[in-house]
Amino acid sequence: MASFKDSIGGSLRQYGIMGALVLVVAFFAVFTNGMLLNPDNVATLILQNSYVLILAIGMVMVIVAGHIDLSVGSLVAFIGGVLGWAVINWHWPWPMAIGLALVVGLLVGAWHGFWVAYVRIPAFIVTLSGMLVFRGLALMIAGVTMAGFDQGFIQISSGKLPQTFFIGNLDGLTLIIGAVGVAGLVFSQLRSRSAQIKHGIATESLGLMIGKLVVISVAIVAVTVRLAEPRGFVPYLLLLIGVLILIYSFVLNRTVFGRHIYAIGGNLNAAILSGINTARTNFMIFVHMGLLSAIAAIVVTSRAGAATAQVGQNYELDAIAACFIGGTAVTGGIGRISGAMVGALIMGVLNMGLSIGKVDPAVQQTIKGLVLLGAVALDLLSKRRAKVA
Amino acid sequence: MNETPILEMNDISMEFPGVKALSEVNFQVRAGEIHAICGENGAGKSTLMKVLSGVHPYGSYSGQVTYKGEACNFRSIRDSEARGIVIIHQELALIPFLSIAENIFLGNERASHGIIDWGQANKQAAELLARVGLAENPSTNIVDIGVGKQQLVEIAKALAKRVELLILDEPTAALNDDDSEHLLNILRLLRDEGVTCIIISHKLGEIIRVADSITVIRDGQVIETLDVVADQADEERLIKGMVGREMNSRFPEHHHNVGEEVFRVEDWTVHHPVDAQRVMVDRANLDIRAGEIVGLAGLMGSGRTELAMSIFGRTYGANISGTVYLRGVPISTHTVELAVRNGLAYVSEDRKRYGLNLIQSVKENKTSAALGKLSKYGVIDKNAETKAANKLKDDLRVKTPTVESPVSKLSGGNQQKVSLAKWVFTDPEVLILDEPTRGIDVGAKYEIYQIINDLATDGKAVLVISSELPELIGICRRIYALSEGRITGVVDRAGATQEYLMNLMTQETKKAS
């Protein structure tokens, strides 16, 4: 009976943050007289927060391993500058410029990784240095705003899935994607459940699983239908982010590299004594963070249609906040990408809801700060209670 | 010296889950004497002192503590310190990057209205340093002085609290002979100034020289209290008291079926990682055969863990020299990865710090040292992982609801099995088990011994490090004794007695004294 209670408690904590997202959405739906849920707002929410979502994917890995990365905002500006230089000044075709940006991202990640992993300087210091260095470099190469990217490049962020056929007044392709998503989710859950039963592992109760699936499926269907409405659309970015989430969730949950990240963050001494190459793992974490920063830079530059050194201020803090709201442990060892994504969306919904409601930006900032504190406090208190019980 | 007791502890009993740590202990200390407590590791010495100093608060034990004729119901260290009872732990409680003076007055600052009077603090610190015979500037940082001097700073810190009863837990374990001698002299001086001392030590020679009375504790019970002069206490008598317990069937039957030599270490020398002059392991030689369980007996601080960890991926020490052979071929164990690849496994004595990731599941802990076996192109086969974890769970009889449960929810014995399972899964040729039964109850110990026997039956070479001599005599075919970093002898099980081993284990310390 105890294990049943544990599993419920664990699930509640795990999904509690999703409940928080639902509450925040419901609150602002009422607060903005339903405007928040307008189809174009739902799509814009993704677009506006695409950079946080992408950066938070990498930041989860960094924080789970017990590090922090303060440089990603500056990196976005710097790599944006590289893009601008390549396309505007050198007249490179934009796909080649994107290739260059990704390579630069990897190199910068390797730079940070080298100092953290092999010289063993705390990541806080290495990336604080990176924050200054790359902001400086960004000012050098993109001190003057560079505009005039070609349409192809702009399409990365503003492009949307073409509307090919309709079911009623809803876009068919969008509905198909949503349906595939729900089917994939149900299939993967059932498959892992049957594998668990085969190996005699206790599973969560069937009712709990079905309930969970129904809630998530309803959410996907609701968003899909909203996006399929005439005024809605599916941005390419949503697909890109979806693919990134899938890839990196796989990396964290299913690969040796991912398991080593959790091992290092959970107990560094035990990881070393288990023969885990902690230096290489730490190095690779920062390389991935560099790559994701480059992707964020491409998206941000594409959205702005220009490269400027001022872009990306405080992006690192947004990404870190998303992780912590999403249940990543400050001390490392615990955290999931899904949690960080929900954390980012909570902040995004807050932003959008408060903006639609014409709340003073100063008040918005204050509210966001309090939400961050409240979310982490709730998480800690619930864990403490679980320990007592 | 005064014959009336300053301290009386009557009928003290204390239980931890599954273990009776203290059983109706009666213990008296006369005012102004140096009173030594000796016993094996785990006999209950430290527990008794923690009761006295309030670390184990009033109510967690039964019995009465009377100090200077008044009952003591200490709830914390603050309460005992207010009465002038100060304990100095084996792990020194000094802050490395603060000065001597700052450390001496830590938590006891020379301040008025929260503002520290540094002139006063440094002046008083200098006086205290003079009392303990330490010629250092009070503004020197703790990191810049040696361990011996740090002990003296601890004593000065106690004096600053107007100590009347000073308790020292293994004060000389980490000191060289000169520093030990100086420390003991300071204790004699303090005694003459009227400070009563209780000292816990493994170094029997030094106890007999410095102490006025000696209490021997074994298995949570007081065996005897000797007046050093009147009773003519000698080491033989102390050792007999410390180890003289009966051996019954606490160990499973096992027949050694020994093959050829698997593991050999030659001329292994290790220096202290910070104090590079200090030799922690001195030209150690040992060998283990296939299917053989070999013991390594050593007291705390003898260099046993240092020997094991320096072999295993050089995770301890500096200036390491010597050669490790596997089946007669020299192998490199420079990194843990190499050591594991070459067939070594090391199960740490401190499973919570060095063995397990407490926030992960049983399964993830078990497979963490050999994920390569379960993955292709870096992708883990989760089904294979679960299967492997379940098999290990059955083989080692780990009691857990499922392998998905967090390892932190398991009992100590089962956690120990998980950390053993983790290394069994790497399928090593040589297993080094450091204190494999520390802190677990008798039943779980028996099961661990069975697992060790099974490993030997499978042809593994097993090295068991322990300070519990009956355990080594009960399960090992041969036992090496380690004293002050030197291997002082190897004994066959048939010829092994605890007295003989204890003599070997203290041989170098006796030579020094």
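Tutor: In chain A of this predicted model, confidence is lowest in helix H1 (residues 2-31) of chain A, with a mean pLDDT of 66, and highest in helix H5 (residues 94-118) of chain A, at 97. Here pLDDT is the predictor's confidence in each residue, from 0 to 100, and helices are DSSP runs (H or I, at least four residues), numbered from the N terminus. Over residues 1-11 of chain A, pLDDT stays under 50. Chain A has a mean pLDDT of 88, and 93% of its residues reach 70 or more.

Residues are numbered from 1 along each chain as its sequence is written, and chains are lettered from A and ligands numbered from 1 in the order in which they are written. Local features need pLDDT of at least 70, side-chain atom pairs count only at pLDDT 80 or more, totals for chains, interfaces and linings use all residues, and side-chain values use heavy atoms, without hydrogens and water.

The whole structure holds 5 cavities of 30 Å³ or more; a cavity is a set of points on a 1 Å grid over the protein atoms alone where a 1.4 Å probe fits but cannot get out. Helices H3 (50-64), H14 (315-325) and H15 (337-356) of chain A each give two or more residues to its lining, with H15(A) giving the most, 4 residues.

How values were computed
Contact = heavy atoms within 4.5 Å. 1 Å grid on protein atoms, 1.4 Å probe; cavity = no way out; pocket = protein on both sides within 12 Å on 5 of 7 lines; lining within 4 Å. Points joined across faces, edges and corners; volume = space filled by probe spheres on them.
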